[in-house]
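Let's take a friendly look at a protein model together. Keep the sequence and the 3D view open as you read.

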Amino acid sequence: MGESGCGKSTTGRTILRLLDATSGEMLFRSEDSYVDLAAMQDRHAMKQVRRRMQIIFQDPFSSLDPRMTVRDIVDEPMRAQRMGAAAVRHQRVERLLDLVGLNAWQKNRYPHEFSGGQRQRIGIARAAVGRSLLVCDEPVSALDVSVQAQILNLLEDLQTDLGLTYLFIAHDLSVVEHIADRVLVMYLGKIVEVAGADHLYRHPRHPYTEALLKAIPASHPRVEHKREPLQGSVPDPANPPTGCNFHPRCPYATDLCAREEPDLHPLDNSGQMAACHHAANLTLAGYH
């Protein structure tokens with residue numbers, strides 16, 4: 001999670017090799033071993049791995065081809081990967097539509113005949129074709145709140161039924177808390193904190209995470225909630241500040257923060273990590 005422009009979607013698309021990484025490793029578990037997606041040059045091998053990876057796009061209105069029926073939209077990835085004969089694929093299309101709460105008779109309709117929530121269900125059905133990793137790129141941000149809840153519940157049910165792993169990209173902290181097991185907080189293209197969802201919301205260790213949690217609106221209109229907005233604006237990613245990227249806006253920053261960039265380091269046995277020089281000494285406010 002993180003602000004718009006911090007690199008969340010770029011990270012997800014890079015993992016899928018929709019964008020090429022400039023450096024680093026991307027280890028993906030294939031059978032009983034790991035493959036480095038960033039180093040993979042064999043197109044045939046990459047195509048085999050892609051059978052297990054897919055993305056759910058943010059906008060359900062522009063991510064579906066208006067000239068294709070629902071059956072063709074869901075069938076397209078199976079046809080591209082040569083996953084069975086046409087009759088077998090069409091049976092799987094009907095099963096997937098049933099899993100996402102759509103009727104089989106709707107398969108011959110076009111995207112414009114569906115609501116926003118139904119279109120996102122079609123996008124989820126297309127992404128869930130024989131996959132193990134789904135990159136969910138803000139899949140509910142374009143939907144109203146009541147439909148968001150339906151889609152989130154659907155994603156959780158599919159995760160249980162199909163054994164899926166999600167990389168869920170979002171800037172809505174309530175959505176992240178609901179669906180995530182482990183959270184990575186990003187700022188200006190870098191991960192600044194990693195922790196289990198419950199632990200992160202109660203015990204943040206990076207000042208930027210604290211600022212995000214303070215921005216969550218109060219759950220009741222009579223609850224007093226003191227807003228403490230961050231000063232300044234997000235720096236230019238092409239010309240980041242020296243030292244810690246967050247130090248120009250951080251209320252706890254020192255001269256050390258301006259000079260040296262902190263490493264992402266473990267803080268305790270819970271697996272929580274933070275990229276902050278003062279993480280061990282700060283007592284930050286969580287969300288309760």
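Predicted model: local features only at pLDDT ≥ 70, side-chain atom pairs only at ≥ 80, totals over all residues.

The report below covers confidence, a pair of helices and a hairpin.

Residues are numbered from 1 along each chain as its sequence is written, and side-chain values use heavy atoms, leaving out hydrogens and water.

The pLDDT (the predictor's confidence in each residue, from 0 to 100) averages 89 for the protein, and 98% of the residues score at least 70.

## Two helices side by side

Find helix 3 (residues 70–80) and helix 5 (residues 116–127): their axes come within 8 Å and cross at roughly 30°. Therefore helix 3 is roughly parallel to helix 5 (angles under 35 degrees count as such). Axes here are lines fitted to C-alpha atoms over the stretch in contact, with angles from 0 to 180 degrees between N-to-C directions.

V70, I73, V74 and P77 of helix 3 meet I122, A125 and R126 of helix 5, where contact means heavy atoms within 4.5 Å.

## A hairpin

Strand 1 (residues 27–30) and strand 2 (residues 33–36) pair in the antiparallel sense over 4 bridges; pairing requires at least two bridges found by DSSP. S30 stands opposite S33 in strand 2. Between the strands of this hairpin are 2 residues, and E31 takes a positive phi near 60°.

Note on methods: Parallel < 35°, antiparallel > 145°, perpendicular 65-115°, else oblique.
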